[in-house]
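Subject: Structure handover

Dear colleague,

Here is the structure for your files. My notes on it follow below.

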Amino acid sequence: HDHAPPGGGPADFRLGFPHGLQGRSAEGARLYAVNCVPCHGDKGDGRGPRAFFILPKPRDFTLPASRASLNRPHLFEGIAKGIVGSEMPAWETVLSPQEIADLSEYVLRSFIRPGAHP
């Protein structure tokens, strides 16, 4: 499932977060540094210090396939629920929905759509 409305593709960046949440990229940067860098790396390339020990490897957000398929709802769900078959945990047990939206917005703006302000 790609969280796209009829006529929109998976990377439709007009799509928002669930429950009307608005992501705050600056807050997300702090959360990313503390929680995500060990696996996804500070550049979002999946080369964090723990990545060597993880199979399958953490997602590289900078790859064209990631950029073509990830949008706000998809990121929110993946962070909240985790990714089955990977070491990506369900962060909804630790982070609030607002924090997940903040983190998702940071990932979107920093790695998936760098320089753009969707």
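His 19 is exposed, with a relative accessible area of 75% (buried is under 20%, exposed over 50% and partly exposed in between, with a 1.4 Å probe and protein chains only). His 19 sits in the segment before H1, and its phi is near 60 degrees, a positive value in a residue other than glycine. The peptide bond from Leu 55 to Pro 56 is cis, with omega near -5 degrees. Pro 56 belongs to the loop between helix H2 (37-40) and helix H3 (64-69). Most residues other than glycine have a negative phi, and most peptide bonds are trans.

This is a predicted model, in which local features need pLDDT of at least 70 and side-chain atom pairs count only at pLDDT 80 or more, while totals for chains, interfaces and linings use all residues. Residues are numbered from 1 along each chain as its sequence is written, and side-chain values use heavy atoms, with hydrogens and water left out.

Overall picture

The protein has five helices and zero strands, in the order α-α-α-α-α along the sequence. Helices (H or I, at least four residues) and strands (E, at least two) are DSSP runs, numbered from the N terminus. Of the 118 residues in the protein, 38% are buried. The accessible surface is about 6,600 Å², and carbon and sulfur atoms account for 59% of that surface (Shrake-Rupley method, 1.4 Å probe; for residues, only the protein chains shown count as cover). Among contacts between residues at least 6 apart in sequence, 57% join residues at least 24 apart; contact means heavy atoms within 4.5 Å.

Aromatic pairs

Rings of Phe, Tyr and Trp (its six-membered ring) pair if their centres lie within 6.5 Å; planes under 30 degrees apart count as stacked, over 60 as edge-to-face and the rest as tilted. By this rule there are six aromatic pairs.

One of them is Phe 17 with Phe 76: the ring centres are 6.1 Å apart and the planes stand at 50 degrees, so the pair is tilted. Phe 17 lies in the segment before helix H1 (25-35) and Phe 76 in helix H4 (residues 72-81), so this pair ties together parts 59 residues apart in sequence. Phe 17 is buried at 9% relative accessible area, and Phe 76 is buried at 10%.

Another is Tyr 32 with Tyr 106, whose ring centres are 5.3 Å apart with planes at 45 degrees, so this pair is tilted. Tyr 32 is in helix H1 and Tyr 106 in helix H5 (residues 97-112), so the pair links parts 74 residues apart in sequence. Tyr 32 is buried, with a relative accessible area of 2%, and Tyr 106 is buried, with 16%. Tyr 32, Phe 61, Tyr 106 and Phe 111 form one aromatic cluster.

H1 against H5

How do the axes of H1 and H5 cross? They come within 7 Å and cross at roughly 95 degrees (axes are lines fitted to C-alpha atoms, for helices over the stretch in contact, with angles from 0 to 180 degrees between N-to-C directions). That makes H1 roughly perpendicular to H5; angles of 65 to 115 degrees count as roughly perpendicular, under 35 as roughly parallel, over 145 as roughly antiparallel and the rest as oblique.

On the H1 side, the residues in contact are Ser 25, Glu 27, Gly 28, Ala 29, Leu 31 and Tyr 32. They meet residues of H5 including Leu 103, Tyr 106, Val 107, Arg 109 and Phe 111. The residues of this contact divide into seven nonpolar, two polar and five charged. Here Ala, Val, Leu, Ile, Met, Phe, Trp, Tyr, Cys and Pro count as nonpolar, Asp, Glu, Lys and Arg as charged, and the others, Gly among them, as polar.

Regards
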